[in-house]
Amino acid sequence: MAIETQPDQAHGAGGGAPAHRGRRPWWQRPAIHTALIGAVVGYLLGHVLGNYLAGSGNSLYPNIALSDSSDWPIVLGYLLGVVGWLAGLGVFNDVLRQMIGKPAPLNGVNGGPEHETSGLARYFRYSLDHKVVGIQYLVGMIIYFCTAGLFAMAIRTELLSPTHHVFTSQAYVEIVGEHGTMMMMLMTSVVVGPFGNYLVPLMIGSKRVAFPRIEALSFWLTPAAFLILLSGLLLGGFPFGWTGYAPLSVQSTLGADSYAMAFGLMGISVILAGFNIIVTVICYRAPGMRWSRIPMFVWSMVATSFLFVLAGPVLVGGMYMMLTDRTAQTAFFEDSLGGSSYLYQNLFWFFGHPEVYILALPGFGIVSELIPVFTRKPLFGYRVAAAGMIGVTLLSFFVWQHHLFDSGINPDMRPLFMLTTELISIPTGFIYLVAMGTFWKAKIRFTVPMLFALGMYFNFLIGGISGVFLSDVPADTTEHGSFFVMAHFHYTIMGGLIFAFMGGIYYWLPKMMGIKLNQTLGKWQFWLMFIAFNSTFLPLFAVGMAGQPRRVFEYAQNLQPLNDWVSISSFFLGGSILIFVVNFVWSTVIAREPEIGNPWQSRGLEWQVASPPPPGNFERIPVVLSGPYEYGDKNAQPVADLHPPPGVITAAITGATSVRAEA
Amino acid sequence: MSLPARVITLLVAFLAVVAGAAFLVIHYFLYTPPTVDYSAGVTPNSGGTINVVMQEDPQNTVSSHPDWVSYFIKDPKTGRWVHTTLFKVPAGTRVNMTILGYDGCTPIRNPYFDKVTGTIGGTAQFNGKTVTQINAWSGCNVGHTFSIPGINLNVPMGTPSLTATLCGPSPCTSGPHATMTFSFNTPKTAGTYFWQCRVPCGGGFIDGFGGPMQTLGFMTGNMQVVS
Amino acid sequence: MAASAAPSVRSADSGGRNHGLWIFLIWLPIALAADLLIYFVWGPHLPPGTMSNTAQSQQFDIKVMAVMAAPVMAGVLVYFGYALVVWRQRDGDDSDGPAIHGHAGIQAAWITVTSVIVLSLAVFGTYELAWKGMDGAGAGQGPSPIWKPAGGTPLQVQVIGQQWRFTYRYPQFGGFETTDLVLPVGQAVQFNVTSLDVIHDFWAYQLGVKADANPGVNNVAYTTPTHTGVVTVRCDELCGLWHGAMFNYGKVVTMAQFQAWANKTETQLASITAILPPYSTVYDPTVVPQMSKAMQKGGLTGGNGYYYPPNDPVQP
């Protein structure tokens, strides 16, 4: 069980017992098991309350009771279930403690008592250490990705034949919805969660994040959202895909409530996570870490976090409106009562388009971080890359109507949105300028992370160019809603983000866990994944152009050979992910080969501390002397002074201009 | 943890995940309502005839949604009513369909589907009287439809009178009902054809098309043609 | 990082090779070959075909974009391929590469070239959408379309989406409603697409027409068929359980055949047309004025499925 090495004052996250009495046993301290108990209790309370308020046969709200489909028990059950989940984790303990006047325990940095530094149990708790939260996110994201990937295998199994059906049409449409929603919802945080939370403080020279409690809360909302979404299957699923267009989503049975709740919870989670990262990067940079020296990955995290914070609320609002339409008989989206089906579409895509840049930018950030290390050259055009990320972030709010070109929006808006959508491809293209410049006369090392980065550039090229085809309104008339769109976004999201994610795992896992992943398996995984991925999704462009819409279980007979090729390839793609899971689990649980140095010879600040980093990251706040990409320059300073004499910090904080001279 | 402990924990976790996934798949994804077989003993494409009997009820007290309207299909071998909407017929065969309508009337959304199409002769018998259309808005006449879009079949279901007391527990065996009979030929090639009701009888759902209207085994199903 | 003074990237390095020139010379024939193949060999067969003027304009549009995209893709791929072969780290070499932080000229050139390509595509797309004769490229333009076919009233075909079948009404022929889509060749058609329940999407593939069907909204799309043949109509917006099975086949026939069909169908369907609601560009099936008094007294006022009970006041 957990190896407790800490002195008695350590509390970690709200243990509740007074400090001098020592640690309680693990099963009495809040952790995932108490969270589950809290969730069940909360759900039951909510369910009973919902039945009391609006169950069939009661007279409090007869309209709803008579309406034959009462969502109140489910919605209130989920709401109180989430509150119970968080209460069981101990999220509210510190808040309540401060409300009644007692001091909250310090979170273990800046000279306070350390929180737990070892043992497996802390990963199941509401931990305030950003490194623990990062690993929690990493394992969580892999689980969510694999679950949603299994649904994808089921979809392709069904599409093997247009006439012989493996699943009923009902099961199929539920599976389609679960796959899409789980991926889009949870992969929003697939890089920001694990890598953003883990690496950003290390990369900027900070001992902590700005708001550890908010960061931990953002993680713990994700298993709740995942379980709520999965539980929708027990309620009959939802037949409207991940986009949830009203009025179909208001028409659907109970499974739609789990969709709205899960997606809304995830929206809250990303708002919190983004908020934390923005403040951390603005306020917690070490002396000398100017904006022109922060790693490109941190730039991408900041850009993504701005998108989280600005687009997330619109999603939560849209889901909330869908829930009130379903439960309280409001008529936001019901045309015959004064609402509009367009309202939902616009709200959803106002979030939905920044969402896809939320998915793309972290991928750019990771590969921009990898290529200087494995080409042994500075990142070409650092300012251009940063400007590209800022440009994408800004422009992403001005393009959302391109999802609605055929929906009957005002026709003279369409050239405008065609223009803005075409324009956004300019900053998106900057990463290729940066990559190509970095590759010029480089010394390219074909390590596993580099292979994934190269795969990302190849895939995103196809994905991005197909996006240009979609941005063109006349071409979009044929392509909208077809498998062409599917191929486009799978290329950009899976081919871009997930390949970058895999590259990031192989690159940073030695740093995060002090363990090396098997590189041979890694190469096998890469090649199988790359070939199978392209074999799966490249024909889908043709399938879409030939007239097969999305989300259908029957299609034209002459498209069966292409669909069969795609389905078989997708099974190989699933196999490559299986190789990854086996590699990950084997290396971290069974083999555990240590990798404690700087195996990639990286200049990054995060690589200058031990692997895994000590609890406070740095013994003393470092003074940053140069950027992280100064390869090839013999006169470059080391990236930071990790043990600056005491006077240097004071001088740096009080505004001495030349830290370099004093270091 | 020591190596053996880690291996065992890993195996247990793996088996738990596999078991959970298998449970989900078997209980929720592969589950379908039963298919009533009307094709046994009949040679497809040989000019044969079969008689299919169904009924639609105002509720179904045999499922977890007792207040959802539902169709039932009579099993030809046992003569019992099965709570399902999936049935199997031979290809190239004449089907004489009888549908007992126990449910009351609901206004249709698109009265185009008041018209009988796709039957032999383009007509249906409503309580013995030949009709080509039943007006759902001029009186309490239509409760549901039986429509197979893939063969362009659409027959509105008549209702008992407006003041009749509809039958209680289901499947209904007595009580006021309307009888619709019509015939159609099944296609000559095998395939699966979905069928649905076109009257918004999904009470409590927007446009009346949620709930039972979109759940297999209630108001929508599949006609599987075998050859 | 300010772009430090980098060695000129186009001059030969100490290895004696002008990389930029080599990359250009490898790229040029590939890009030319690709463009010629796309334009002349593949072009006439590009989707969505040539069965209507909107389909033809879309085909041309896709052809032009493919011709512009191919050299860009080839350029990036040739560059990366060259880099991976020529600039890989040799065994035993552990040194770093040259410290090039940026190059103002290359950066400026890249930004300029990509902006020019992208903006010209935007202009071209707008032309394909809005120029006379393009009819809005077959996309649904909403209730107030601005890109209409010239010359006279087009044939009006109302497309009604409902769960889970399209029906078509021809107001110029008495407003009959049918599940068959029959169109005359050479005649401009105005599709008035609406829905009775949830959002559907009318996608006539060979005609290059796609318009969402929203409840209570008339979404207008235009096209003029130029060849006879079969049209595949699929619903393109997930609309519930049987969305995947919501498709039908229509046909484009000669004007004489169309007239004959329309007149015959109008007569055949007269009895059902009599009980349909009068033709309108939008419908609200929850309010049925023709409902019999007996049913209204029984609380049934429309096909609304008792979601909002009749005693709820209707919102303005």
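Two parts are taken to be in contact where their heavy atoms lie within 4.5 Å. The model examined here is predicted: local features need pLDDT of at least 70, side-chain atom pairs count only at pLDDT 80 or more, and totals for chains, interfaces and linings use all residues. Residues are numbered from 1 along each chain as its sequence is written, chains are lettered from A and ligands numbered from 1 in the order in which they are written, and side-chain values use heavy atoms, with hydrogens and water left out.

Between chain B and chain C, the contact involves 38 residues of chain B and 37 residues of chain C. The size of an interface is often given as the accessible area lost when the parts come together. Buried area (the accessible area, for a 1.4 Å probe, that two parts lose on being put together, summed over both) comes to about 3,200 Å² for chain B and chain C, with 62% of it on carbon and sulfur atoms. On the side of chain B, Arg109(B), Tyr112(B) and Trp137(B) contribute 23% of the area buried against chain C, more than any other three residues.

Zero salt bridges are counted between chain B and chain C, a salt bridge being a side-chain nitrogen of Lys or Arg within 4 Å of a carboxyl oxygen of Asp or Glu. Polar contacts join twelve residue pairs across this interface, both residues at pLDDT 80 or more. A polar contact is a pair of N or O atoms within 3.5 Å; within protein, one must be able to donate a hydrogen and the other to accept it, and residues adjacent in sequence count only if both atoms are side-chain atoms.

Ten residues of domain 1 and 16 residues of domain 2 take part in the contact.

Across the interface of the two domains of chain C, zero salt bridges are found, whereas 13 residue pairs are in polar contact, both residues at pLDDT 80 or more.
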